[in-house]
Amino acid sequence: DNWLLVAALVLLCIGLVMVASSSTSVAEQRTGEPFYYLWRQLLYVGVGLLSAVAIFRVPMSFWEKAGPSLIVSSSVLLTLVFIPGLGREVNGSLRWIALGPVNLQISEFVKLFVIVYMAGYLVRHHNVVLTQTSGFFRPLLLLMVLAFLLLLQPDYGAVAVMLVTAMGMMWLGGAKLLQFLVLLLSVTGALAVLAISSPYRMERLTAFLNPWADPYDSGFQLTQALIAFGRGEWFGVGLGASVQKLFYLPEAHTDFLFAVMAEELGLFVALFVICLFVIIVIRALQIGRSAEQRERPFAGYVAYGIGIWIGLQAFINIGVNMGVLPTKGLTLPLMSYGGSSLVVMCMAIAILLRVDYETRKDDRTVQRKGARSW
């Protein structure tokens, strides 16, 4: 699928340029090498592309069989994070497993594994999901275990993306609207209790609603991001000319890469990047629909899930940068600095391309058979 492939590659290239531009100051201060993060990101891109080539060769039948094993592996890996000496804490969050010089963020892999598992579940229990309430809530109990482990880290953004993606797949799989309403009310109530019970979470929520009330403390990140957008105007201040990346905007090369890009390259490039994500999501949904129509439901549900996941995570990251959503530690897919996120996203794009390849292969087989019969 040329549209999907080109959009993903363009996002990778823009991401490399912006990681190089947004990280030079912080890299020089921390390591003495201005392009330290760029070299590492280039390495991650190389690993991601090699992984994508390998994953593309894996048939979808393998993923369908591996779904239950992958979800069990997710629980084990999330538990390993809490083992002293193995798990690594960064900025108060225990989300990484240290493997020598490499840190693996397990939640990124868990998102992909959950999609594969949910697709297999919807195929194996399709009639139960359509007709019985237990078919809707049964997989959610398993996901709640993963959500609990993620909340202990804590990683609220990963929990939100994982659950919403799973719900979207269930919706496309035919689950009833009433079940979603009951679940939505339950989750909303639980989130309200979590927000009220924690002064830290309450502070972040109020800072999002009015960051200018405390621009030098709780609202600092958001106000600096909004200043970046304001300085960028239509065409930006020029590549490399950002002021906000000079220690004003925390995590400029990871969570707030989009704000630096808007400052340096302007509104038009920001809209172009959003359009690229829209293309990826639309193509993912169309690939899933084509697979489902050709009686390949597992491949179709996987494509749906990946499309929802990429679109949702991009929406949350961009929304956080623009002050539309509360601050969450989610990277911008295919663009932000980070090895685990980049490699897993490349793998996800490769799986989408594999679904499209197998669907087109089926079409060609049918056409050849029709030609021979004629």
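This is a predicted model: local features need pLDDT of at least 70, side-chain atom pairs count only at pLDDT 80 or more; totals for chains, interfaces and linings use all residues.
Local features need pLDDT of at least 70 and side-chain atom pairs count only at pLDDT 80 or more, whereas totals for chains, interfaces and linings use all residues. Residues are numbered from 1 along each chain as its sequence is written, and side-chain values use heavy atoms, with hydrogens and water left out.

**Cysteines**

- The whole structure contains zero disulfides, a disulfide being a pair of cysteine sulfur atoms within 2.5 Å.
- For Cys275, the closest cysteine sulfur belongs to Cys13 and lies 18 Å away, so a bond is ruled out by distance.
- Cys346 is likewise in no disulfide, with the sulfur of Cys13 as its nearest cysteine sulfur at 11 Å.
- Cys275 is partly exposed because its relative accessibility is 44%; the classes are buried under 20% relative accessible area, exposed over 50% and partly exposed in between (1.4 Å probe, protein chains only).
- Cys346 has 5% relative accessibility and therefore counts as buried.

**Ser341**

- Ser341 sits in helix H13, which spans residues 339-373 (helices are DSSP runs of H or I with at least four residues, numbered from the N terminus).
- With a relative accessibility of 5%, Ser341 is classed as buried.
- Leaving aside residues up to four places away in sequence, Ser341 touches Glu108, Gln313 and Thr331 (contact means heavy atoms within 4.5 Å).
- The side chains of Ser341 and Thr331 also make a polar contact at 2.8 Å; this term means a pair of N or O atoms within 3.5 Å, where within protein one must be able to donate a hydrogen and the other to accept it, and residues adjacent in sequence count only if both atoms are side-chain atoms.
- The C-alpha atoms of Ser341 and Tyr301 are 22 Å apart, at a sequence separation of 40 residues.

Key. Helices (H or I, at least four residues) and strands (E, at least two) are DSSP runs, numbered from the N terminus.
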